[in-house]
Amino acid sequence: MNTQLATPTKPAAGKSGNWLLHILRANMVPLMFLALCIGATIASELPLSFVINELVVRLSRNLFLVISLIIPVIAGMGLNFALVIGAMAGQVGLIAVKIWDIGGFNGFLMAILFSTPFAILCGWLTGLCLNKTKGREMITSMILGFFANGAWQAVFLLGIGTVLVVNNPEIVLKGGIGLKNALDYKFLQYSLDKMVYFEVGGIGIPVMSFIAVAVLCWFTRFIVTTKLGQEFRSLGQDLHIAQVAGIPTDKIRLIAITISTVLAAWGQIIFIQNIGTLNTYNSHEQVGMFSIAALLIGGATVVKATITDAIVGTALFHTLFIVSPQAGNVLFGDAQIGEFFRVFIAYGVIGMSLLLHAWHKYMEAKRKLLQE
Amino acid sequence: MNPMALWKKLTDKYGFPKVCISLMLAIFFIGAFMQKQDVAAMLADSTVRIAMNGILVLAMVPSIVSGTGLNFGLSLGIITGLLAGCIAIELDMRGMSAFLWAVVMSIPLSAIMGYAYGWILNKVKGDEMTVGTYLGFSVVSLMSIGWLLLPFKSPEMIWAIGGAGLRTTIALSGRYAKVLDDLFAIPFFGSKLPTGAVLFFALFCLLMWLFLKSKTGVAMAAAGDNPKFAAASGINVNRQRMIGTVISTVLGGIGMLVYAQSFGFLQLYQAPLMMPFAATAAVLIGGASARKATIAHVVSGTILFQALLTVSLPVINAAMNVGNLSEIIRIIVSNGVILYALTKVGGGH
Amino acid sequence: MDAGFLLELRNIEKEYFGNRVLKGVTLNVKPGEIHALVGENGAGKSTLMNILFGMPVIYATGGIKGQVVFDGKPVEIKSPKAALDLGIGMVHQEFMLLPGFTITENIKLNREITKHNPISRIMGDSLKSLDVPAMRKDAQKALQTLGMNVDDWLPIAGLPVGYMQFVEIAREIDKENIKLLVFDEPTAVLAESEADKLLDAMKKLAARGIAILFITHRLDEVLAVANSITVLRDGEKVGFMTQEEATIEKIAEMMVGRKIERITTTAKEAADNEEIALSIRNLTVTMPGEMVKNISLDIKKGEVLGLGGLAGQGKIGIANGIMGLYPSTGEVYKGKEKLALNSPRTAIENKLAFVSEDRRGVGLLLDTSIEYNIAMTAMQIRGKFLKSFLGIQAIQMADDKRIRAHALQMIKDLDIRCTGPTQITRRLSGGNQQKVCVARALTMEPEILFVSEPTRGIDIGAKKLVLDLIVKLNRELGMTVVVTSSELGELRSICDRIAIVYEGRIETVLSPLASDLDYGLAMAGKYSTREEAV
């Protein structure tokens, strides 16, 4: 027997022409940035091969960090602005291998191994803090990131040479206290990137780095199909209902943020092994912001993020990064304009996304209040 | 009374941050005496910085009282203040009149900015702090392009070579540097107390106090305390929030000019980015929360925070030789205090 | 004792801080039986269910006596999990469904079927993969049991409300050991045709041997499906009857019956005064949970009018709509003048005042002093308690002296127990908070005073004081008062006329001295149909 209740009629999206509009509307943000990227690339007058080469390098070193943002979004904790903390944990591993002077791929692996317990601890602490501030995770993780930055400086400016004695003039400041502003990582550079490396039409492909990214993509996909992933998704939908269904929400949130933090630590190590220098006190500073901006440009929002968003967004954001100073120079006769412009894009896209999300939430709450 | 009970009583009464910071400050002062530092100069220095930052901290009051929470978007007001400061130089004004004209010009600019900001905040109720922070960041970075493109001509302000765009730091010596600080300055053990700047700050505190006692101020406080109550009493909550935001932004602009005259420079581009956080931290140290703030919180918080920053630097530097410490303390204390306040607001669910 | 009962609640008692809310309730449910539990709000239905489900709030406050026997064995249900393990399920009144999940995912929420994969073997069970085909099979089975043909892979968002209710039920019956299902007002949100389908489904479940406890206030639904009916009133079981014995009149009378102690000696004759203070025409108010649908009502000058009815029927919405707190349409005339709706300011300016049912949410500034709470509205709307600043008329300052004097007077008149006029209202007891709300309303010198749920959350001693105060305002100051209350006894003790609201409409207007039967039928929405029949 059928209950004979009215079945919901699906919106007719199948009409010819409509689907195109539908696709356009659904992907408005990435498409707008695509247009901007194309325009800026043309304006910059840079050779395409150069842009593509740069882009491949930037994708290989940034994608891991960007993808590490996805799980907290799925678990309803919003954009993890505390990604900085994970990056710091990664740098702890890097500083350790610098002190021990382990180079090459061994050093890379050692950094990963050594940073992981720190990342787990930091992630766990971040999670505890965010569990105390449910509903305002993003502003909290933002401030937490700033706070951690201060703590980082205190540890490595004051701690080195006082608590932890390091007799290495190459990395310690003249006074014997504090790490130098820039640490050289030539001994580690390209240890992952150039393990398997070949060029196609003048474009270098760091195969292992992309394999690492691919494994991470697979892992993120995989986790969504598990029991744990189902719990992440339930939390993301409605914390209260998940709790009523008996899911240990606080614990699941801790797990989500810890995974993100550990991935960010590894991501930062991959990043630095490509760059080859560690700016002790500001390499990590912009990590959270740039990764988040990249993810959002790909079409993600505070409540929805996919691997495709991450890849598309990183590609677009970094194309803009590559070409905008030159475009600024050509168009306004000032490269600085382009530089400020890309910073504005990063902040602006995050600001816009947060604003739209908050507005939507407010309107939704208002609508719910009035509907019966 | 046992120490634990005393501690609890104190933190209950004054709030955890205030007690902690007072304690830290006391320790640093003892340290300063023991190291035989010039404590009088430290006090005078602290006074300068208190008067310099006071109005920026005061700007938090209308925003908290009207219910929009901590104003992380204060940089919007700071930018309009900077703009007015630049215009005063462009018009080739000097001295006190340049400063006062800058203040006067900043008010309409800030009011327009505040109106737009308030309009947005009324659309994102409940998420004002997150949105405000990034709105501030966005506008600061957009304005970075603006500083490059705005058609200022005064050679004091534009890059010496190349010509286009304003400098990152514009020196105010010969314009309106220290005009308030030096007004009625009183000698104090070889230093000067900035009487004029302190009086200026006191004047604004008094005006704010009067405003909070006025019919509008009372309505604003009601809207902030309980929007549903206010609506049921026929108070237009959105309008009150708007008033609070506009006043906060205007004070941000004026506060920036006071800061600049004391500092001696206008800092453009990315400099305003993190300024709201220091102001927020000060009012929180004073015992305010994201929902409640008074003039007393502003005054005590500014005194404690700025004195801590001033005193800690020479004391720690004398103990061990590392640079940039004051900056580290500022970052840790201000963000620590804000974090603490956020955990106290309670979970949204 | 009949061994055939699935659930036996024997002499259950419960005290809240010395206040007995359950006074020895006994309830027996057989397997495969639909057992209706009816009673007014506050009769003790939800407390009883909370005990059955081992809700922490109930157990934390203690004071529970009596015995629960389930399946022949005495049990102690100390947690919701224990209830679940016994096979007791609940269909929530508000849906506990995740909108973005499919029907299957919701049915299987946190009870997913999983299988091992290489990674989970190493990393632990939480990384097991979901066995989606198996989950869907189970979900389809549960849906089919309910007679529901729907794609189980559709997301919840976009489904009609009726479907959501069925998904909730499917989730419960998918639990293998389910023996007893509690339906808490399941038809409240459904359209009539949907409700019928739900009742059919309930019968079907009962036929499969599942016992059903059916909590509702729709008496015709009770008669249609319940095998037996238990009536609660004031924490006591006042009646039990089988389907054959039951009539609507019988149930209704049992639900309401009580001794009435009138505070005022006489009900003023309705004909005393025909002057209309406020005339309401076709008022519709969109207040979630308390919708008002197109009512018309006249409030006479100098009367105390009661608005009664069960929770959720809309009585609360009337005052809220007139005062402009929730969107409303229709016309309200005060004398000859038409009042603009949706504007609290207009209402207050026209000498209407409101003491809200949501004391802490709407009625008070919890972190503001008593004196400012009292003066606030009068200051903002009436321009009272203001002085000019240094003689400048444009700048209006609060006149603290007059505010203080007025607050002290009010504290004395209404006997508000506090440390002083500057104490913040959060620290006051419920009764004293209520008095502050009343003081604020009186400060506006209203002609018509709306008071909603004046005694909710107030201890017994203070209740009487508040009710006395309302009568005093009416009798001595001649104020027209409209009292909205869920406690019918309270209304019958102080009102001159009582309008009963049912499903957003005025069912009837009764004299406080009307019979219990009339009240019972009116509350159940059966008064007008019976009148027609007679």
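Reader: How much area do chain A and chain B bury between them, and what share of it is on carbon and sulfur atoms?

Author: Chain A and chain B bury about 3,900 Å² between them, with 78% of it on carbon and sulfur atoms. Buried area is the accessible area (1.4 Å probe) that two parts lose on being put together, summed over both. On the side of chain A, A:Arg136, A:Phe340 and A:Tyr347 lose the most area to chain B, together 17% of what that side buries. A note on the source: this is a predicted model, where local features need pLDDT of at least 70, side-chain atom pairs count only at pLDDT 80 or more, and totals for chains, interfaces and linings use all residues. Residues are numbered from 1 along each chain as its sequence is written, chains are lettered from A and ligands numbered from 1 in the order in which they are written, and side-chain values use heavy atoms, with hydrogens and water left out.

Reader: How many residues of chain A are in contact with chain B?

Author: Contact means heavy atoms within 4.5 Å. By that rule, 42 residues of chain A are in contact with 45 residues of chain B.

Reader: How many salt bridges does the count give between chain A and chain B?

Author: A salt bridge is a side-chain nitrogen of Lys or Arg within 4 Å of a carboxyl oxygen of Asp or Glu. Between chain A and chain B the count is 1. B:Asp127 pairs with A:Lys361 in a salt bridge, their closest N and O atoms being 2.9 Å apart. Polar contacts are another kind of pair: N or O atoms within 3.5 Å, where within protein one must be able to donate a hydrogen and the other to accept it, and residues adjacent in sequence count only if both atoms are side-chain atoms. Chain A and chain B have 3 residue pairs in polar contact, both residues at pLDDT 80 or more.

Reader: Which elements of chain A give two or more residues to the side that touches chain B?

Author: Helices (H or I, at least four residues) and strands (E, at least two) are DSSP runs, numbered from the N terminus. Here the elements are helix H7 (137–159) and H14 of chain A. H14(A) gives the largest share of that side, 16 residues.

Reader: What is the area buried between chain A and chain C?

Author: It is about 3,000 Å², and carbon and sulfur atoms give 64% of that. In this interface, 32 residues of chain A are in contact with 40 residues of chain C. The rule finds 2 salt bridges across it. A:Lys227 forms a salt bridge with C:Glu112, with the closest N and O atoms 2.8 Å apart. Polar contact joins 10 residue pairs between chain A and chain C, both residues at pLDDT 80 or more. Helix H8 (207–224), helix H9 (227–237), helix H10 (239–244) and helix H14 (335–370) of chain A each give two or more residues to the side that touches chain C. The largest share, 7 residues, comes from H9(A).

Reader: Where do A:Arg367 and A:Glu364 lie, and how many residues apart are they?

Author: Both lie in helix H14 of chain A, 3 residues apart, about one turn of the helix. A:Arg367 and A:Glu364 form a salt bridge, the closest N and O atoms being 3.0 Å apart.

Reader: Which residues form the nonpolar patch on the surface?

Author: Patches are made of residues with over 30% relative accessible area and no salt bridge: like charges are joined within 9 Å, nonpolar side chains (Val, Leu, Ile, Met, Phe, Trp, Tyr) within 5 Å. Accessible areas come from the Shrake-Rupley method with a 1.4 Å probe; for residues, only the protein chains shown count as cover. The nonpolar patch is formed by A:Trp19, A:Leu20, A:Leu21, A:Ile23, A:Leu24, A:Leu31, A:Leu34, A:Ile38 and A:Ile42, with about 840 Å² of accessible area together. H1(A) gives the largest share, 5 residues. A:Leu34 lies in helix H2 of chain A and is partly exposed, at 39% relative accessibility.

Terms used. Buried means under 20% relative accessible area, exposed over 50%, partly exposed in between (1.4 Å probe, protein chains only).
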